[in-house]
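The tour goes from one chain as a whole to the place where two chains touch.

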Amino acid sequence: MSEETRRTEKPALGHLFWWFMFAQGGGLAALVIPVHILVQGILGPLGGVPVVDRHYDTWVSILSNPIVKLYLLVLISLPFFHFAHRLRYLLVDLGVRAAKRLWVQWLFYGAAVLVTIITIWVLLTTAPISLSLG
Amino acid sequence: MSSEADSSTHVATRAYKPGMSTGWWTRKRHYFWYMVREFTALPLALWLLWLLVEIKRAGDGPSRYHPHSSTGFVIFSVICFGFALYHSITFLSLAGVIIHLKTLDRPVPPRAIVWVMFLLWLAASIVIGAVLIGFGR
């Protein structure tokens, strides 16, 4: 087996990772984002139903739960890996050839990583971790 | 044969550059909705960033926390909700093409996989909705 053949047979772990994040982010966004927007973005502000983020005490209370923090981290960060891919290809489809370049890939996927880091920081600094709810 | 092969290898090759106008997606309805599907990422990203800001604002203390209630915010959310539904429907509908499962050595029909995904969406929405409303006052 030649050196070149051996090189091409290596698993593309980078591609595997980014496609995995794209698929999981897209799936999660499809399953849970609509209900968050409906309840927290529409029904809550309209006053139709009591929503957890409408009052400071209920909001901080639920935000302090470690399971909720973990859920919010996944909810916010994972879809951004999906969005990064879709928005980059939206630019490609609109004829922006530069969107295929490596630095643009760094920019878009780097933004998803940055959102993940900021989300971790926000969740760790906003409400002290507590196991009680309500 | 060898001389032919040799001569063919010396022919200068040019990379194929497909010519595509920037407005190609406006020509057919199918293309347009494909681009809308790609675009759904932007409003959803903006709404999630708003959620992150809302979480951050909870750290400012009770006197400075005022949840958004403006008409503009509700309109923004309604628009995002439309895009979110479109993302969900198009993404989950593709599950039958992407996911390949076998039970008892027989492939699960794609339509069954799509049904399961839509039921999962319904179940997740009920559970999350119940938590968001149930812990409110």
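Which radius of gyration does chain A have, when a compact globule of 134 residues would have one near 14 Å? Chain A has 20 Å, a value taken over C-alpha atoms, as the globule rule is 2.2 Å times the number of residues to the power 0.38. This is a predicted model, in which local features need pLDDT of at least 70 and side-chain atom pairs count only at pLDDT 80 or more, while totals for chains, interfaces and linings use all residues. Residues are numbered from 1 along each chain as its sequence is written, and chains are lettered from A, with ligands numbered from 1, in the order in which they are written.

Select chain A and show its C-alpha trace, which spans about 65 × 35 × 25 Å along its principal axes. In a cartoon view, chain A has five helices and zero strands (DSSP runs, numbered from the N terminus, of H or I with at least four residues for helices and of E with at least two for strands). Of the 134 residues in chain A, 34% are buried, that is, have 20 or more other C-beta atoms, placed from the backbone, within 10 Å of their own.

Next, select chain B together with chain A: 47 residues of chain B are in contact with 52 residues of chain A, contact meaning C-beta atoms, placed from the backbone, within 7 Å. On chain B, colour helix H2 (29–39), helix H3 (41–57), helix H4 (71–93) and helix H6 (110–134), the elements that each give two or more residues to the side touching chain A. H4(B) gives the most to that side, with 12 residues.

Note on methods:
Contact = placed C-beta atoms within 7 Å. Buried ≥ 20, exposed ≤ 12 C-beta atoms within 10 Å, placed from the backbone.
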